[in-house]
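Colleague: I would like to learn how to read a few local features in a model. Please take them one at a time.

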Amino acid sequence: MLLRLRLSGLCGTDLFKLEQQSIRRGVVLGHEIVGVVEEAGKDTRFHAGDRVVVPHHVACGECLLCLRGSETLCPVFREELIDPGGFAEYVVIKPRAAALAARRIPEHLSDEAAMFLEPAACVLRGINRSSVREYTSHFPVVALILGAGSMGLLHLLVLKALNPAFRVIVSDPIEERRKLARTLGADVVAEPGAATKDAARQLSSGYGADVAFDTVGGAALLSAALESTREGGTAVLFAHAAAGHRAAFEINSFFKHERKLLGTYSGSMKEQDETFTLLESGLLDPRRLISHRLRLEDFTRGVELVRMQKALKVVFTMEGSFGE
């Protein structure tokens, strides 16, 4: 399919690749897109004028990794199925994505909400792999989120959409972001360090968090995530670290207290399907995370706003701007 861009979100992964200079010159980034079909192949179920959202990775569904539940590690999963990339006026959607991943957006669902399909599916995968949705007891689930950037706050929104009874702590050094987390539904907000660990204990009757999501990255944050969990708890690594960065935590504490550490990367078709259902129903509405909407030619400015922590979520469009 050929799509005309309506919206394209700036992802933390895009910024990481720019910062680390890990992409070759000439590559067009961008994968959180909403567009309008200009032309569609005969084999697709779409027509010119359809408003669609399309994730950029699709697994084969047949290899050992797919059949073992590791679809996001499938050999073909990382193939870029948006050409040239979402920060472009027009993009071509390759056949596998057009056939399996593209979704027609219903009239009642806004571009801004639909754009979050791919990142929210990534979040949902980490939540599912942590097993907190399977806990059934009179003790409430306590989840700690390290980092109140756009992805940290998206974790908050997805957790509350799945189960409003989840007790969620958000930790961040920036007061303005802690306040925003509170307005978005966080039960407790805290500064990093001792205040975060105390909050995890207090909210869990002294046990510690069932799960801690590290949405920032780096050895110090990973250690803090582990230290804030209860015995038998789980730390989910959801963020990049600098190249060559190694973790450092006390092995005996990890071993003797049966803590779990898992990495989570991207989202499979299963998570995308469930996320789209949450968006369609209105249970998940991430639009309040968007702080700036800029024209595509203002890309450099948008990157700088995020880099300087003056923007939360930047969206590029062909149609004017807000959040100046």
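Colleague: Is Ser205 buried or exposed, and what is the cut-off?

Modeller: Relative accessible area decides: buried is under 20%, exposed is over 50%, and partly exposed lies in between, with a 1.4 Å probe and protein chains only. Ser205 has 58% relative accessibility, so Ser205 counts as exposed. One caution: this is a predicted model, where local features need pLDDT of at least 70, side-chain atom pairs count only at pLDDT 80 or more, and totals for chains, interfaces and linings use all residues. Residues are numbered from 1 along each chain as its sequence is written, and side-chain values use heavy atoms, with hydrogens and water left out.

Colleague: Where is Ser205, and what is its phi?

Modeller: Ser205 sits in the loop between helix H8 (194-203) and strand S10 (209-214). Helices (H or I, at least four residues) and strands (E, at least two) are DSSP runs, numbered from the N terminus. The phi of Ser205 is positive, about 60 degrees, although Ser205 is not a glycine.

Colleague: What is the phi of Glu258, and where is Glu258 found?

Modeller: Glu258 is not a glycine, yet has a positive phi of about 50 degrees. It is in the loop between helix H10 (251-256) and S12. With 61% relative accessibility, Glu258 counts as exposed.

Colleague: Which residues does the cis peptide bond join?

Modeller: Asp83 and Pro84, with omega about 10 degrees. Pro84 is in the loop between S4 and S5.

Colleague: How many aromatic pairs are there, and what is the rule?

Modeller: Rings of Phe, Tyr and Trp (its six-membered ring) pair if their centres lie within 6.5 Å; planes under 30 degrees apart are stacked, over 60 edge-to-face, the rest tilted. By this rule there are 6 aromatic pairs. Take Phe77 and Tyr265: centres 6.3 Å apart, planes at 75 degrees, so the pair is edge-to-face. Phe77 is in the loop between helix H2 (64-67) and strand S4 (82-83), and Tyr265 in the loop between strand S12 (260-263) and helix H11 (269-281), so the pair ties together parts 188 residues apart in sequence. Phe77 is buried at 2% relative accessibility. Tyr265 is partly exposed at 32%.

Colleague: What kind of pair do Phe87 and Phe299 form?

Modeller: A tilted one: 4.9 Å centre to centre, 55 degrees between the planes. Phe87 lies in the loop between S4 and strand S5 (90-93), Phe299 in helix H12, 212 residues apart. Phe87 counts as buried at 12% relative accessibility, and Phe299 as partly exposed at 23%. Phe87, Phe299 and Phe316 form one aromatic cluster.

Colleague: Which charge lies over the face of Tyr265?

Modeller: The test: NZ of Lys or CZ of Arg within 6 Å of the ring centre and within 35 degrees of the ring normal. Arg78 lies over Tyr265, 4.3 Å from the ring centre. Likewise, the charged end of Arg103 sits over the ring of Phe276, 6.0 Å from its centre.

Colleague: How do I read a helix pair?

Modeller: Two packed helices are described by the angle and the distance between their axes. Axes are lines fitted to C-alpha atoms, for helices over the stretch in contact; angles run from 0 to 180 degrees between N-to-C directions. Here H1 (residues 12-20) and H12 (residues 299-307) have axes that come within 11 Å and cross at roughly 95 degrees. That makes H1 roughly perpendicular to H12 (65 to 115 degrees; under 35 is roughly parallel, over 145 roughly antiparallel, the rest oblique).
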